[in-house]
Amino acid sequence: MSDRKQPTQIEAHELLLSAATVPLLAGLIAARVASEMVMNLSQASEEIFRGDRLPILHFTQSPDSES
């Protein structure tokens, strides 16, 4: 008998799994970056519409509205 080991063949599911790993990781990283960008954008827009940064509007009462 021979002590040689037969070379293992790559099976189809192993090949598909290894091919799908990189795009999956890239998608997860892209989703995290997009989430952080949306959070930063929402915080920036909140700062724009913050009440203490808006000018104070002085309303004058017209003589007709006193009655």
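## A patch on the surface

Let's start with L24, L25 and L28, which form a nonpolar patch on the surface with about 310 Å² of accessible area together. Patches join nonpolar side chains (Val, Leu, Ile, Met, Phe, Trp, Tyr) within 5 Å, from residues with over 30% relative accessible area and no salt bridge (a side-chain nitrogen of Lys or Arg within 4 Å of a carboxyl oxygen of Asp or Glu). Areas come from the Shrake-Rupley method with a 1.4 Å probe.

L28 sits in helix α1 and counts as exposed because its relative accessibility is 53%, where exposed means over 50% and buried under 20%.

## The model

This is a predicted model, in which local features need pLDDT of at least 70 and side-chain atom pairs pLDDT 80 or more. Residues are numbered from 1 along each chain, and side-chain values use heavy atoms.

## The whole protein

The protein has 1 helix and 0 strands (DSSP runs of at least four and at least two residues). Buried residues make up 0% of its 67 residues.

Conventions. Patches are made of residues with over 30% relative accessible area and no salt bridge: like charges are joined within 9 Å, nonpolar side chains (Val, Leu, Ile, Met, Phe, Trp, Tyr) within 5 Å. Buried means under 20% relative accessible area, exposed over 50%, partly exposed in between (1.4 Å probe, protein chains only).
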